Amino acid sequence: MTIETLWPFVFIAVAGWLATDIWRWLGVLLGNRIAEDSVVLIWVRAVATALVAAVVSRLILFPSGALAATPMGLRIAATLVGFIAFLIFGQRIIVGVLVAEAALLVGLFAF
């Protein structure tokens, strides 16, 4: 491989790093000055939560790729099973995600 063939990938990596890293550093610098119960931080948390909920809803209701071949009922059931596991096991995100994935796979292979 020559530098000409690698240049687009290097550019994408550097541009992606610069575009996201600046905001991370600004968040670290400014985040220390914001009170945890401030209106601004509560709003930021609400927006972040809404974005995650939107992405999950889109994956369940309008999936793409291999997930589109699964029945919607199975996707909803796997999500509910994962959420129940999340609540039962001390609100650990990794438990909810892994249990939901396992439920989806079991449902796929069972039917």
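**Starting point.** I am working from a predicted model.

I looked up the largest pocket first. Its space comes to about 590 Å³. I count 17 residues in the lining, and the closest to the pocket centre are Val56, Thr79, Gly96, Val97 and Ala100. Next I asked which helices supply the lining. α2 (39-61), α3 (72-88) and α4 (93-110) each give at least two residues. By class, I noted twelve nonpolar, three polar and two charged residues in this lining.

**α3 with α4.** I then turned to how the helices pack. Two packed helices are described by an axis angle and an axis distance, so I noted both. The α3 and α4 axes cross at roughly 145° and come within 7 Å. The crossing of α3 past α4 is right-handed. On the α3 side I listed Leu74, Arg75, Ala78, Val81, Gly82, Ala85 and Phe86. They meet Ile93, Val95, Gly96, Val99, Ala100, Ala103, Leu104, Gly107 and Leu108 of α4. I sorted this contact into twelve nonpolar, three polar and one charged residues.

**α2 with α3.** Here the packing angle is about 145°, and the axes lie 9 Å apart. From α2, the contact uses Leu59, Ile60 and Leu61. From α3, it uses Met72, Arg75, Ile76 and Thr79. The classes are five nonpolar, one polar and one charged.

**Cross-check.** I compared the lists.

**Aromatic pairs.** How many turn up in the whole structure? I found two. One of them is Trp7 with Phe11, a tilted pair with 6.4 Å between centres and 45° between planes. Both residues sit in α1 (residues 3-31), four residues apart, about one turn of the helix.

Conventions: Residues numbered from 1 in each chain as written. Predicted model: local features only at pLDDT ≥ 70, side-chain atom pairs only at ≥ 80, totals over all residues. Heavy atoms only, no water. 1 Å grid on protein atoms, 1.4 Å probe; cavity = no way out; pocket = protein on both sides within 12 Å on 5 of 7 lines; lining within 4 Å. Points joined across faces, edges and corners; volume = space filled by probe spheres on them. Nonpolar A, V, L, I, M, F, W, Y, C, P; charged D, E, K, R; others polar. Axes fitted to C-alpha atoms, helices over the stretch in contact; angles between N-to-C directions. Left-handed = near helix turned anticlockwise from the far one by under 90°. Contact = heavy atoms within 4.5 Å. Phe/Tyr/Trp six-rings, centres within 6.5 Å; stacked < 30°, edge-to-face > 60°.
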